[in-house]
Amino acid sequence: MSESMSGGMGGGKVAVVLFNLGGPDRLEAVQSFLANLFSDPAIIGLPALLRRPLAKLIARRRAPVAREIYAQIGGGSPLLPLTQAQGEALEGVLAARGIEAKSFIAMRYWHPLTEAAVREVVAWRPDRIVLLPLYPQYSTTTTGSSLAAWDEAAAGAGLAAPASAVCCYPTDPGFVAAVAEHVADAIATARANGGRFRLLFSAHGLPERVIARGDPYQWQVERTVAAVMAKLADPGLDHAICYQSRVGPLKWIGPSTEEELERAAEDGVATAIVVPIAFVSEHSETLVELDIEYRHLATGRGIAHYLRVPAVGTTPAFIDGLAELVSGALERRTGVAGGEGGRLCQERWQGCPCLPPTASGAKAQGDGDG
């Protein structure tokens, strides 16, 4: 049995910690969830004495609208049970590979929070820990924030088991295959509808200044879309990348999903196929923003058919891909690396947590970047 198949240390227990955003489980929790979100220094980069009262103010102002959003999906986020299902599926695949693993969930802004996950891991007494974000593309505002919170909580709890972290997997074969599988189903429906169709790969947006500081998120989203298009192996498919969920007065990366839907209508597109390319689970951004708000926009602009591709969830190809990522992380023993075992990003993306790539690696990853 290889080292990765036996847990990387001659056997032993592996704690797989799944990082995710979290979401309020009831309407009464919405304001507290928002306060946690905007208290994160990765979101608002002010000193704590200024950031915390500002976060409470923003949360209080935004809570009424956010409550209306969550009321449309049953009064709370489905993210926790969906993440639990992914963890259980992953445990099963790892067990079949001979790895004794247990999944733990560390949500960033709502329960179970990172500190609670650390306590559970300590109590389980694993031999190894793998930190696995459910954000395929790395951002300092998501995975970076989760890694920092984990390191602080683990140090405070005296958690000593060796840990390996996966920072990103934007072109992981399992993830890409799962997305392509769902997209292919939607394309078949669009072709049956007749007329022109367009794929709109929609990712959560970020302020432009975050990218300007070296955050590789947008570049990685583009790599994911390129990989999915290659997997579909259908040259000439009409497609575009766009970004959703813009809030606040700052200039955000674009084009926005709204703009791309309007452009599709102007171009006479009969079917818009919207693909959530940076979300692996259903939550408010997919169930409300994509399914309700953008559908209304599309049909109101004259697009006859609006198809929203589901998030990959527990699609077997995706779960198999996560299992491969865990095996690769176990082989590394410690440290932070991309899903391919090293640094994916070019050196100019200073927000990447991995060590700088070799000259040959930087050249390889630069091909086609422009």
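Where in the structure is Pro112 found? Pro112 is found in the loop between β2 (100-107) and α4, where helices (H or I, at least four residues) and strands (E, at least two) are DSSP runs numbered from the N terminus.

This is a predicted model, in which local features need pLDDT of at least 70 and side-chain atom pairs count only at pLDDT 80 or more, while totals for chains, interfaces and linings use all residues. Residues are numbered from 1 along each chain as its sequence is written, and side-chain values use heavy atoms, with hydrogens and water left out.

1. Cis peptide bonds. Most peptide bonds are trans, and most residues other than glycine have a negative phi. The bond from His111 to Pro112 is cis, with omega near 0°, and the bond from Gly254 to Pro255 is also cis, with omega near 5°; Pro255 lies in the loop between β6 (239-244) and α9 (257-266).

2. Positive phi. Ser245, in the loop between β6 and α9, has a positive phi near 70° although the residue is not a glycine, and Ser245 is buried at a relative accessible area of 11% (buried means under 20%, exposed over 50%, and partly exposed in between, with a 1.4 Å probe and protein chains only). Ala233, in the loop between α8 (217-232) and β6, has a positive phi of about 50°, but Ala233 counts as exposed at 60% relative accessibility.

3. Helix α5. This helix (residues 143-157) has 15 residues and reaches 21 Å from its first C-alpha to its last, close to the 21 Å expected at 1.5 Å a residue, a span that is taken as 1.5 Å times one less than the number of residues. Its buried residues include Leu147, Trp150 and Ala154, and what covers the buried residues of α5 includes β1 (13-20) and β3 (128-133). After the helix comes Gly158, whose phi is positive, near 70°.

4. Val183 and its neighbours. Val183, in helix α6 (residues 173-193), counts as buried at 0% relative accessibility. Leaving aside residues up to four places away in sequence, Val183 touches Leu199, Leu232, Val275 and Val309, where contact means heavy atoms within 4.5 Å. Val183 and Leu232 are 49 residues apart in sequence, and their C-alpha atoms are 8.3 Å apart in space.
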